[in-house]
Amino acid sequence: MKKRTYFILIGGCLFAHLSFGQIIDPKQTAKQKSTDRVNSRIDQGIDKGLDKVEGLFKKKEKKPKNGKKDENSDENTNEDNSNGNNSNGNNSNGNNSNGNNSNGKNSGNGNSSAGNQTPSFKTYSKFDFVPGEKVIAFDDFATTSVGDFPLGWNTNSTAEIVTIDGDSKKWLFMSRDGFFQPEYVKDMPENFTLEFDVLTRYASNNILKYSFYLSAVENPRKDLSNAYIKNGIYFGWRPCAGESGYIVYANSEEVSQNAGLSIAQFESQTCSVPIVAKVSIWRQKTRLRMYVNETKVLDIPQAFDAKLKYNAFKFGSAQMNFSNGRQNDDEFMVSNIRYAVGAPDMRSKLITDGKLVTRGITFDVGSDKIKPESFGVLKEIAQVLSENPTVKVKIIGHTDSDGNAASNLELSKKRAAAVSKALTSDFKIDALRMQTDGKGAAEPSEPNATPQGKANNRRVEFVKL
């Protein structure tokens with residue numbers, strides 16, 4: 001079986017669902033215009049006609065995008081991802097040769113933009129996202145073989161697990177139009193976070209879209225193939241161009257929408273080059289915030305209806321089948337899905353309870369290098385310490401059980417020290433107020449038998465002294 005790991009997030013019946021109108025013959029249109037989109041633009045005449053069909057999305061100049069890194073485990077692989085080598089799904093130089101290799105499908109043609117820029121800690125200075133404290137589900141497809149469809153997912157189409165350019169990171173590649181639903185994202189609490197890595201490449205035509213849905217439905221399995229939302233939230237984007245839009249539905253009516261979003265992290269000057277980004281979704285009661293990499297792209301105060309039970313999440317794809325047989329296919333992949341209950345009140349936990357546990361400070365694989373998306377959590381902890389200048393804390397690192405016990409112990413100590421150093425250098429907290437230690441995998445918060453168990457065990461504790 002051809003080994004590929006591509007996840008396609010596109011609304012299957014997106015155009016009818018969003019009142020775009022009827023497309024007479026999209027396949028013929030795409031074939032005429034899909035000879036080669038590398039370094040070229042779609043004819044403006046077809047763009048004009050397609051824009052009438054796709055009124056939700058407005059054409060704009062294409063710009064470079066930022067790369068994004070993946071979620072980590074604590075396996076001691078002696079692997080330093082400071083150059084973005086592991087997380088972006090590319091080889092160590094960020095270059096991809098043509099064709100497939102023995103470990104999976106190549107995801108580029110020449111220099112890849114999927115990881116050639118590693119965001120710095122400073123670029124996240126306005127990033128206020130705080131990941132949920134208790135991981136309900138974590139899915140990196142580690143237990144699914146390449147070429148198989150993962151357990152815990154449902155679809156009305158087809159998809160398979162793949163790897164890219166020999167990287168061990170696994171992706172779910174959705175290779176046909178349809179819907180793809182992680183069934184473990186259900187019964188969503190009023191405060192939760194949902195994060196995932198996404199890889200897209202836009203090769204075939206300018207009517208291609210990817211999307212996801214958060215819905216309140218009677219039967220998630222029955223609703224899987226339905227592109228029409230009665231109650232819920234739709235978000236869709238066109239890869240390469242970065243054109244995006246959202247709609248909030250209540251009782252089958254549009255109560256809020258924005259058709260003119262432009263997200264630079266989804267843009268690329270060369271459409272055949274894959275784009276990798278991290279999407280973070282945060283619900284706080286009725287409020288929805290969404291981030292792509294370090295940038296907040298949505299902040300809607302009345303997106304969720306407090307009276308409804310949101311119980312279905314799905315990705316969708318539409319109009320991506322026209323690239324079959326081309327050297328570079330349309331691609332939509334997801335990986336590292338992290339679904340968690342919202343974070344606690346850090347001030348209360350640390351000052352009142354005397355102990356704060358966070359899983360929102362993350363590190364590169366087998367490394368003490370703090371990932372830049374940890375900025376929001378560190379910023380909140382620093383604020384608590386700044387407002388309570390007499391409080392001293394011990395910072396304790398913990399790992400999961402992957403790898404050597406002695407190495408994990410040393411790694412956990414280095415990670416605690418790295419957190420202390422970041423609080424001092426980036427947030428001006430006096431180093432004398434902080435002690436550090438590490439426990440390795442010796443004190444798990446839950447069994448290391450599942451991916452979510454390991455995710456919960458990778459944590460940093462702050463203990464009031």
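Analyst: Strand S9 (residues 209–215) and strand S16 run antiparallel, joined by seven bridges. In this pairing, Phe212 stands opposite Phe315 of S16. The model is predicted.

S16 covers residues 312–318.

How many of the residues of S16 are buried? Seven of the seven are, so the strand is largely enclosed by the rest of the structure. Look at the two faces in turn. Ala312, Lys314, Gly316 and Ala318 point one way. Phe313, Phe315 and Ser317 point the other way. Both sets are buried.

Now step back to the whole chain. It has 465 residues, and 57% of them count as buried. Its secondary structure comes to eight helices and 21 strands. Among contacts with a separation of 6 or more, 76% link residues 24 or more positions apart. The chain exposes about 18,400 Å², and carbon and sulfur atoms supply 46% of that area.

Start with Phe266, in strand S12 (residues 253–267). Its relative accessible area is 1%, so Phe266 is buried. Neighbours within four places in sequence aside, Phe266 is in contact with residues including Phe235, Trp237, Pro239, Cys240 and Val292. Val198 is another of its contacts. Phe266 and Val198 are 68 residues apart in sequence, yet their C-alpha atoms are 9.9 Å apart in space.

Next comes Arg289, in strand S14 (residues 287–292). Is Arg289 buried or exposed? Its relative accessibility is 7%; under 20% means buried, so Arg289 counts as buried. Neighbours within four places aside, its contacts include Asp128, Trp282, Gln284, Lys296 and Asp299.

Most residues other than glycine have a negative phi. Asn251 has a positive phi, near 55°. Asn251 sits in the loop between strand S11 (241–250) and S12. With a relative accessible area of 57%, Asn251 is exposed. Lys285 also has a positive phi, about 55°, and is not a glycine. Lys285 is in the loop between strand S13 (275–284) and S14. At 53% relative accessibility, Lys285 counts as exposed.

Finally, turn to a sheet with helices against it. Four strands make an open sheet in the order S18-S21-S19-S20, with mixed pairing. Which strands stand at the edges? They are S18 (355–358) and S20 (434–440). Each has a single partner strand, so one side of each is left without a neighbour in the sheet. From one strand to the next, the twist averages 20°. S18 pairs with strand S21 (residues 459–464) over four bridges, in the antiparallel sense. Val357 stands opposite Glu461 of S21.

Helix H7 (residues 405–427) lies across strand S19 (393–398), S20 and S21. H7 runs at about 155° to S20.

Helix H6 (residues 375–387) has 13 residues. At 1.5 Å a residue, H6 should span 18 Å, and its end C-alpha atoms are 18 Å apart, which agrees. Its buried residues are Phe375, Gly376, Val377, Leu378, Ile381, Ala382, Val384 and Leu385. An α-helix has 3.6 residues a turn, so residues three or four places apart point the same way. The buried residues of H6 pack against helix H5 (346–352), S18, S19, H7 and S21.

How do two packed helices get described? By the angle between their axes and the distance between the axes. For H6 and H7, the angle is about 75° and the axes are 10 Å apart. The two helices are therefore roughly perpendicular to each other. On the H6 side, the contact is made by Phe375, Leu378, Lys379, Ala382 and Leu385. On the H7 side, Val419, Ala422, Leu423 and Phe427 take part.

Methods: Residues numbered from 1 in each chain as written. Predicted model: local features only at pLDDT ≥ 70, side-chain atom pairs only at ≥ 80, totals over all residues. Heavy atoms only, no water. Buried < 20%, exposed > 50% of the residue type's maximum accessible area, 1.4 Å probe, protein only. Contact = heavy atoms within 4.5 Å. Areas by Shrake-Rupley, 256 points an atom, 1.4 Å probe, with all protein chains shown as cover. Pairing = 2+ DSSP bridges. Axes fitted to C-alpha atoms, helices over the stretch in contact; angles between N-to-C directions. Expected span 1.5 Å × (residues − 1). Parallel < 35°, antiparallel > 145°, perpendicular 65-115°, else oblique.
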